[in-house]
Amino acid sequence: MEKTDREYYTLDDMFVSKAAKRARSGEEEEIQRRKAIHEHQQLAARMEKCPYCFDSSELSKHLIIAIGTKSFPTFGLMFLLSHHSFLLWCISEAEMFRNALVKMFEAKDLDCVFLETNMSMKKRYHMVYECIPLPKEVGDVAPIYFKKAIMESDEEWSVNKKLIDLSSKDVRKSVPKGLPYFSVDFGLQGGFAHVIEDQHKFPHYFGK
């Protein structure tokens, strides 16, 4: 029996109520379907014009220096072959390229830092992992500057820990899944990560 506050509740009332519930359910399903189609169309359009996808005509292919099974480095940058938004998808291959780049710069008496800024995850931008060579004397003090800048960044009252030490574990084991983050690694020594509290206030060029 249907529960109602009214004193009289006829069989017709019951059928009308059931039909209204089914109609609302159908409307909600249609809204969700349209939303999914719209999101898919947006992603397809973004991928078609993405300057970092390997198959894209926008990619400057003459800058590619190696091709892996899941990623490829260009001068100063590393991208995933397919359109993914974060490095965790190919962490082992990224480590291989990272080792090679560090050795290359060491041979030229240079240091380097690796940067990743992962924001706007719903928009699924293509992941970009940056390698920036530095003079040795700058590389030596880089951890001090990055630590200070991270501690002073973002919201004053952060929900998450402001500075995450990556010296003993990588970013995939340090940052909760699904949260936007910034990470920096100093050569092969590990580095820091920071969970971004307010994506609208955190500058995408923070690492640079």
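**Notes on the fold, its patch and its pairs**

1. Start with I65, which is partly exposed, with a relative accessible area of 41%. In these notes, buried means under 20% relative accessible area, exposed means over 50%, and partly exposed covers what falls in between, using a 1.4 Å probe and protein chains only. I65 is found in the loop between α1 and β1 (71-74). Together with L63 and F75, I65 forms a nonpolar patch on the surface, with about 290 Å² of accessible area for the three together. Residues join a patch if they have over 30% relative accessible area and no salt bridge, with like charges joined within 9 Å and nonpolar side chains (Val, Leu, Ile, Met, Phe, Trp, Tyr) within 5 Å. The areas come from the Shrake-Rupley method with a 1.4 Å probe, and for residues only the protein chains shown count as cover.

2. A word on what you're looking at: this is a predicted model, where local features need pLDDT of at least 70, side-chain atom pairs count only at pLDDT 80 or more, and totals for chains, interfaces and linings use all residues.

3. Now the overall layout. The chain has three helices and seven strands, and from the N terminus on they run α-β-β-α-β-β-α-β-β-β. Helices (H or I, at least four residues) and strands (E, at least two) are DSSP runs, numbered from the N terminus. Of the 208 residues, 35% count as buried.

4. On to strand β3 (residues 110-118), where seven of the nine residues are buried. β3 runs antiparallel to β4, with seven bridges joining them, and F114 stands opposite C131 in β4. β3 is also antiparallel to strand β6 (residues 181-186), this time over six bridges, with S183 in β6 as the bridge partner of E116. Two strands count as paired if DSSP finds at least two bridges between them.

5. How covered is β7? Mostly: five of its five residues are buried.

6. D109 sits in the loop between α2 (91-107) and β3, and its phi is near 60°, a positive value in a residue other than glycine. D109 counts as exposed, at 53% relative accessibility.

7. Helix α3 (residues 136-151) deserves a check for length and bend. Its 16 residues should span 22 Å at 1.5 Å a residue, and its end C-alpha atoms are 24 Å apart, which agrees. The expected span is 1.5 Å times one less than the number of residues. There is a kink of about 40° at A142, shortly before the proline P143; the bend at a residue is the angle between axes fitted to the seven residues ending there and the seven starting there. A142 is also buried, as are G139, F146 and I150 in α3.

8. What links E30, R33 and R34? A network of salt bridges. A salt bridge here is a side-chain nitrogen of Lys or Arg within 4 Å of a carboxyl oxygen of Asp or Glu, and the count comes to six. R33 meets E30 at 3.0 Å, N to O; both lie in helix α1 (residues 11-48), three residues apart, about one turn of the helix. R34 also bridges to E30, with the closest N and O atoms 3.0 Å apart, and this pair is four residues apart in α1. R34 counts as exposed at 56% relative accessibility, whereas R33 is partly exposed at 46% and E30 is partly exposed at 27%.

9. One more of the salt bridges joins E130 and K208, at 2.7 Å, N to O. E130 lies in strand β4 (residues 128-135) and K208 in the segment after β7 (191-195), so the pair ties together parts that are 78 residues apart in sequence. Which partner is buried and which exposed? E130 counts as buried, at 16% relative accessibility, while K208 is exposed, with a relative accessible area of 70%.

Terms used:
Residues are numbered from 1 along each chain as its sequence is written. Side-chain values use heavy atoms; hydrogens and water are left out.
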